[in-house]
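User: I am new to this model. Please pick a single part and take me through it closely, in short sentences.

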Amino acid sequence: FVFSISKSISAIIPRLNKNRLKKSLTYFGDIAQMDNNKYSVMLKTASNNIYRSDLIDQIHISSKICTYKHKEFSDAIITFILGIILLLVDWVVIKI
């Protein structure tokens, strides 16, 4: 059960990279740090190529995060079910 809980927690806890040099136009953490006017100016003055590149990077990073979290949570569910089965088997053996 402890392994299942640790996997669940690992899937939930965010790991934000705060040491990036360039501000992103699509990353929620960078957007939240800017006031509305600064973000509006950055968005309006960015070329289509810069915006597309930023969007592609963000989609790629998000997909890697989702894949990792899905695997961690799937592992947590499997180990939880195995733990329940082992607990039931143990309970049945003790009752006999």
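Analyst: **A close look at one helix**

Among what covers the buried residues of α4 is α1 (2–12). Helices here are DSSP runs of H or I with at least four residues, while strands are runs of E with at least two, and both are numbered from the N terminus. The model is predicted: local features need pLDDT of at least 70, side-chain atom pairs count only at pLDDT 80 or more, and totals for chains, interfaces and linings use all residues. Residues are numbered from 1 along each chain as its sequence is written, and side-chain values use heavy atoms, leaving out hydrogens and water.

Start with the helix itself. α4 runs over residues 48–95, which makes 48 residues. From first C-alpha to last, α4 reaches 69 Å, close to the 70 Å expected at 1.5 Å a residue. That expected span is 1.5 Å times one less than the number of residues.

Next, burial. The buried residues of α4 are D54, Q58, E72, A76 and G83. Buried means under 20% relative accessible area, exposed means over 50%, and partly exposed lies in between (1.4 Å probe, protein chains only). V93, also in α4, is exposed at 54% relative accessibility.

Now the partner helix. The axes of α1 and α4 come within 8 Å and cross at roughly 160°. The contact takes in F3, S4, K7, S8, S10, A11 and I12 of α1. On the α4 side it takes in Y68, K69, E72, F73, D75, A76, T79 and F80. Contact means heavy atoms within 4.5 Å. Axes are lines fitted to C-alpha atoms, for helices over the stretch in contact, and angles run from 0 to 180 degrees between N-to-C directions. α1 and α4 are therefore roughly antiparallel.

T26 is buried, at 18% relative accessible area. Beyond its neighbours within four places in sequence, T26 touches I31, Y51, D54, L55 and Q58. L25 lies in the loop between α1 and α2 too, and L25 is buried at 5%. Leaving out neighbours within four places, L25 is in contact with I31, Y39, M42, L43, A46, Y51 and D54. The C-alpha atoms of L25 and S47 are separated by 11 Å, though 22 residues apart along the chain.

Finally, the rings. One aromatic pair is counted. Y27 and F28 form a tilted pair, because their ring centres are 5.0 Å apart and their planes stand at 55°. Rings of Phe, Tyr and Trp (its six-membered ring) pair if their centres lie within 6.5 Å; planes under 30 degrees apart are stacked, over 60 edge-to-face, and the rest tilted. Y27 is buried at 12%, whereas F28 is exposed at 55%.

Methods. Parallel < 35°, antiparallel > 145°, perpendicular 65-115°, else oblique.
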